[in-house]
Amino acid sequence: MTEQSLPSLHLNRQDGVLWVSIDVAPVNLMTAQLLLDLDAVAASAENDPDLHVIVVQSANPEFFLAHGDLSFVEDPATYAALPIAEETLVGTGPMMRLHERWRRLPQTTIAKVAGLARGGGSELASSLDLRFAALETAAFSQFETLIGIVPGSGATAHLPRLVGRARALEIVLTGGLVDAATAERWGWVNRALPAAELDDYVEWVAMTIATLPAGVRAAATEAVDAAGGPLEDALRAEDRLLGETFTPASGELARAALAAGVHTREVELNLEEVLRANLAR
């Protein structure tokens, strides 16, 4: 494992997974320094073929990210001029550009949320590929309307796609805190797990994805993303990507599965475990 620190982040990398821990005492505000540090991580990751998964988490168990630093209101010009993701979504604000840069990363990105994620914090989580939350302690909010503005870092674009229009309007117009169980039920997060199980489960997800056969993660992601367009185009994309991943290596995995007893009742009852064991060889 390799470790590195930026002023607001702790970075740990192991086996194709980068763990990014946010640490901005006391409540993990999205300060200018944090925005710059997160941008630096994304810039480094964009052209790193050996990095497959990035997990964003918090060093503070109470707060994933509290929200944007409201003191930006005192000097909006300086905030607007922050040199963040300047080639991404040109013409928008720095936090919007940052979140879009993260959304576009070639890695699979995961938010592990143990505490509160409000405003820009929940928008960052919504920009990532996967979200997992602690059942007892995590909660999400877009509170911006309560201070007389609308969300400005992706919420109104991402939430309708995640939870549907009506629920997105409820989240945005009431500014209410949405607990993890409700967020899971609505589709805002993938799973809400007991806090004691969150770390192990997210590590399992990250390592499983990171150790997939070469090219499979990217191809599967491209196929799923194609579903945003016309159905026929999505089906053709899936067919094409299947052909691209049907390699001698995948053929060997299929033959190993047959040798291990696939098609028999005993193995089919525990198929995933047998296939994972083949991958680990």
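Helices (H or I, at least four residues) and strands (E, at least two) are DSSP runs here, numbered from the N terminus. The model is a predicted one, in which local features need pLDDT of at least 70 and side-chain atom pairs count only at pLDDT 80 or more, while totals for chains, interfaces and linings use all residues. Residues are numbered from 1 along each chain as its sequence is written, and side-chain values use heavy atoms, with hydrogens and water left out.

Q: In which helix do Tyr201 and Trp204 both lie, and how is their ring pair classed?
A: Rings of Phe, Tyr and Trp (its six-membered ring) pair if their centres lie within 6.5 Å; planes under 30 degrees apart count as stacked, over 60 as edge-to-face and the rest as tilted. Tyr201 and Trp204 are three residues apart, about one turn, in helix H8 (residues 195–210). A search of the whole structure finds four aromatic pairs, and one of them, Phe140 with Trp188, has centres 5.3 Å apart and planes at 35°, so it is tilted. For Tyr201 and Trp204 the centres are 5.7 Å apart and the planes at 35°, so this pair in H8 is tilted.

Q: How many residues apart in sequence are the parts that the pair of Phe140 and Trp188 ties together?
A: Both Phe140 and Trp188 are buried, where buried means under 20% relative accessible area, exposed over 50% and partly exposed in between (1.4 Å probe, protein chains only). Phe140 lies in strand E9 (residues 139–141). Trp188 sits in the loop between helix H7 (180–186) and strand E11 (191–193), so the parts tied together are apart in sequence by 48 residues.

Q: Which residues do ring pairs link into a cluster?
A: Two members belong to H8, and they have accessibility values to compare with the cut-offs. Tyr201 counts as partly exposed because its relative accessibility is 21%, and Trp204 counts as partly exposed at 42%. Ring pairs link these two with one more residue, and the cluster is Phe132, Tyr201 and Trp204.

Q: Why is strand E4 largely enclosed by the rest of the structure, and how many of its residues are buried?
A: Strand E4 covers residues 53–58. E4 pairs in the parallel sense with strand E3 (residues 17–22) over six bridges, and with strand E6 (residues 108–113) over four bridges; two strands pair if DSSP finds at least two bridges between them. E4 is largely enclosed because the count of buried residues among its six is five.

Q: What is the handedness of the β-α-β crossover from E3 to E4?
A: The chain goes from E3 through helix H1 (residues 32–45) to E4. A crossover is right-handed if, with the strands pointing away from the viewer, the path from the first strand over the helix to the second runs clockwise. This crossover is right-handed.

Q: In the hairpin of E2 and E3, which residue takes a positive phi?
A: Strand E1 (residues 2–6) and strand E2 (residues 9–14) pair in the antiparallel sense over five bridges, and a hairpin joins them through two residues. E2 and E3 are also antiparallel, over six bridges, with Gln14 opposite Val17. Their hairpin has two residues between the strands, and the residue with a positive phi, near 55°, is Asp15.

Q: Which are the edge strands of the open sheet of four strands?
A: The order is E5-E7-E9-E10, with mixed pairing. Each edge strand pairs on one side only, and they are strand E5 (63–65) and strand E10 (178–179).

Q: Which helix is included in what covers the buried residues of H10?
A: The buried residues of H10 are Ala234, Ala237 and Leu241. They cover an arc of only 60° around the axis, which puts them on the same side of H10, the arc being that of the directions from the helix axis to the C-beta atoms. Their cover, counted by contact (heavy atoms within 4.5 Å), includes helix H9 (216–225).

Q: Which residue with a positive phi follows H6?
A: Helix H6 (residues 165–174) has the buried residues Ala168, Ile171 and Val172. They fall within an arc of 90° seen down the axis, so they line one face of the helix. The face turned away carries the exposed Ala166 and Leu173. With a phi near 65°, the residue after H6 is Gly175.
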